[in-house]
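Hi,

Here is the structure I promised to pass on. Have a look at it first, and then read my notes below.

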Amino acid sequence: MFSSKGSGTPNQPHIAVFPCAGIGHLTPFLRLASILLSQNCEVTLITAKPTVSLSESMNISFFLSTHPEVKHVEFQVLPSEPHNSTDDPFFLQFEAVRRSMHLLLPLLSDLSPPLSAIFSDFVVASAVHQIAADLGLPQYILITTSATFFSLMAYLPNMIYDPAKFSSLLAEVEIPGLTPVPVSSIPPPMFTPNHLFTSIILTNIRAFQEVKGILMNTFHWFEPEALSFLNNYKALGSFPPVLPVGPLVPYELGGEQSQYLEWLDNQPTESVVYVSFGSRTSISKEQMIELGDALDRSEYRFLWVIKGRKVDYDDKESLEDLVSHSFLERTKNRGMVVKGWVKQQEILAHPAIGGFVSHCGWNSVTEAAQRGIPVLAWPLHGDQRVNADVVEKAGFGTSERSWGWMGQRLVKQDEIQRKIDELMRDEKLRSRAKKVGEEGKKAGNTGGSSEKVIMEVIELLKQNM
Ligand code: UDP
Ligand code: UDP
Ligand code: UDP
């Protein structure tokens with residue numbers, strides 16, 4: 001953790017941080033904000049109202065109550081409009097925030113002290129650029145995915161309209177300077193230029209010529225190839241410097257002791273498999289039954305976090321509507337099932353955790369990397385398969401490509417059980433994960449490379465004040 005030196009010292013930069021939508025985007029911005037405060041910066045947090053999920057508004061409120069020196073600019077976004085390629089509420093919110101950007105400008109122009117910079121989300125980079133230009137402010141982007149997936153996004157304009165280079169019929173996609181990317185790792189919507197997922201990437205990558213720097217939640221040891229590709233490859237045109245500031249360390253959550261943490265306190269060291277698919281992914285009921293049966297048959301203890309719906313506001317079913325009473329009874333001495341928000345960073349820091357079955361949202365990956373926890377990667381959407389490839393390449397995780405994307409096929413209990421047993425038994429994986437944890441701590445803790453890069457950015461901003 002970075003030590004707090006207090007904030008608001010005169011002549012320190014005043015930085016607006018602007019995550020767009022979704023916990024996976026909010027979390028790294030709040031972590032960065034907390035680090036900026038520890039370096040004496042003034043921080044304004046910009047958020048869109050209403051948030052898509054309850055967990056976003058809860059995390060924002062908690063952060064503001066524990067960091068009272070942060071100013072909050074909340075702006076009302078226009079209602080989201082339907083799109084013919086997706087009904088994903090988070091993606092529709094990216095668009096709604098973009099369309100509402102003119103409402104933000106007046107809220108930023110008379111902040112006191114005046115802003116020195118805006119650090120914004122990639123998915124609204126282009127629209128924020130217009131505001132930054134109007135206010136005469138430097139813009140930085142914080143990337144919320146891996147450097148490897150971001151490399152693919154950055155290179156997309158060079159290949160998307162050329163089927164010889166980029167097609168779902170190829171076995172792999174060649175990007176000079178990178179290990180070829182298996183087509184099965186590329187999210188299917190990326191092959192369709194009109195899909196919202198893809199059009200957002202294309203629009204925002206074009207804005208990159210003008211931004212001052214790209215902050216990446218990764219570290220050199222973890223993704224050397226992608227970082228070197230992004231910093232050196234000429235085909236990207238005049239690309240701004242890529243600045244690895246990860247793994248972004250979590251800020252303290254505090255609060256009461258939760259039941260699942262008390263339960264973990266009573267389990268032997270490294271004995272528990274932690275299963276979670278992040279904040280916005282719910283697997284089908286049939287898939288939950290197979291996963292439950294796999295956990296039941298496996299000899300390992302487990303902590304399983306269940307989500308019934310993509311958006312928590314809609315998640316009204318009780319735990320027993322989703323997993324059977326007999327399953328809960330049978331496994332009660334060995335397992336714990338939780339429905340609702342958990343403090344994942346505290347779970348992963350707990351000595352009882354021995355393995356993590358994860359969808360490989362990038363925050364979950366960086367948290368596992370900091371804690372040296374072996375991962376069974378079960379990517380389901382978007383950037384997650386490429387992130388899973390990063391995990392495997394770093395040597396602290398395993399996955400099964402034949403499981404496919406979300407809903408492509410039902411993954412059977414014996415397949416899952418086999419992989420869980422492998423995850424928990426593989427000593428080589430465990431010792432490699434410890435090495436990843438050491439490197440992650442070296443980069444992310446006080447005095448590490450992440451802090452140095454952030455201090456350099458702050459220094460640059462000071463010179464221009
Ligand atoms: N998270 C949490 N509790 C939950 C669900 C998620 O603390 O019940 C945190 C998790 O630790 C991570 C973030 O929310 O920091 C989720 O981001 P990630 O990129 O892993 O996945 P996403 O939710 O965006 O798919
Ligand atoms: N992304 C993007 N355009 C989109 C959607 C996503 O560039 O339209 C990128 C974005 O940087 C994001 C990553 O792909 O971090 C994964 O998307 P998602 O919103 O699912 O992020 P997560 O919540 O899983 O971190
Ligand atoms: N997506 C993503 N991360 C997620 C959920 C979805 O990157 O956590 C991507 C995924 O590639 C999907 C696209 O966003 O194709 C749009 O979501 P949609 O609602 O169409 O997919 P669904 O949820 O129906 O699978």
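**Around ligand 3**

The residues surrounding ligand 3 are Thr86, Asp87, Asp88, Phe91, Pro189, His195, Phe197, Arg280, Lys310, His381, Gly382 and Gln384. Before you read too much into that, please keep in mind that this is a predicted model.

By class, that shell around ligand 3 splits into 3 nonpolar, 5 polar and 4 charged residues. Some of the charged ones come with distances you can check on screen. The side chain of lysine 310 has an N or O atom 2.9 Å from an oxygen atom of ligand 3. For arginine 280, a side-chain N or O atom is 3.2 Å from an oxygen of this ligand, and for aspartate 87 a polar side-chain atom lies 3.4 Å from a ligand 3 oxygen. On its own ligand 3 has 510 Å² of accessible area, and the protein covers 75% of it.

**Around ligand 2**

Arginine 280 turns up again here: an N or O atom in its side chain is 3.2 Å from an oxygen atom of ligand 2. Histidine 25 also has a side-chain N or O atom 3.2 Å from an oxygen of ligand 2. Phenylalanine 197 takes part through its backbone, with an N or O atom there lying 3.1 Å from a ligand 2 oxygen. How much of the 490 Å² of accessible area that ligand 2 has on its own does the protein cover? The figure is 95%.

Which elements give two or more residues to the shell around ligand 2? They are α3 (residues 89-99), α6 (147-155) and α7 (196-206), and α7 provides the largest share, with 4 residues. In total 14 residues surround ligand 2, and the closest are Phe91, Phe122, Thr144, Met153 and Phe197. By class, the shell around ligand 2 holds 9 nonpolar, 3 polar and 2 charged residues.

**Around ligand 1**

For ligand 1 the shell has 17 residues, the closest being Ser279, Val342, His359, Ser364 and Glu367. Sorted by class, they come out as 4 nonpolar, 10 polar and 3 charged. Helices α1 (23-38) and α14 (362-371) each supply at least two residues of the ligand 1 shell.

- Glutamate 367: a side-chain N or O atom is 2.5 Å from an oxygen atom of ligand 1.
- Serine 364: a polar side-chain atom lies 2.6 Å from an oxygen atom of ligand 1.
- Asparagine 363: a polar side-chain atom lies 2.9 Å from an oxygen atom of ligand 1.

Ligand 1 exposes 530 Å² when taken alone, and the protein buries 92% of that.

A few spots in the loops deserve a look. Most residues other than glycine have a negative phi, and most peptide bonds are trans. Where does this chain depart from that? The peptide bond from serine 112 to proline 113 is cis, with omega near -5 degrees, and proline 113 sits in the loop between α4 (101-109) and β4 (117-121). Glycine 246 and proline 247 are also joined by a cis peptide bond, with omega about -5 degrees. You will find proline 247 in the loop between β9 (242-244) and α9 (259-265).

Then there is asparagine 40, a residue other than glycine with a positive phi, near 75 degrees. Asparagine 40 lies in the loop between α1 and β2 (42-49).

Cheers

Key. Residues are numbered from 1 along each chain as its sequence is written. Chains are lettered from A and ligands numbered from 1 in the order in which they are written. This is a predicted model: local features need pLDDT of at least 70, side-chain atom pairs count only at pLDDT 80 or more; totals for chains, interfaces and linings use all residues. Side-chain values use heavy atoms; hydrogens and water are left out. A residue is near a molecule or strand if one of its heavy atoms lies within 4 Å of it. A polar contact is a pair of N or O atoms within 3.5 Å; within protein, one must be able to donate a hydrogen and the other to accept it, and residues adjacent in sequence count only if both atoms are side-chain atoms. Accessible areas come from the Shrake-Rupley method with a 1.4 Å probe; for residues, only the protein chains shown count as cover. Ala, Val, Leu, Ile, Met, Phe, Trp, Tyr, Cys and Pro count as nonpolar, Asp, Glu, Lys and Arg as charged, and the others, Gly among them, as polar.
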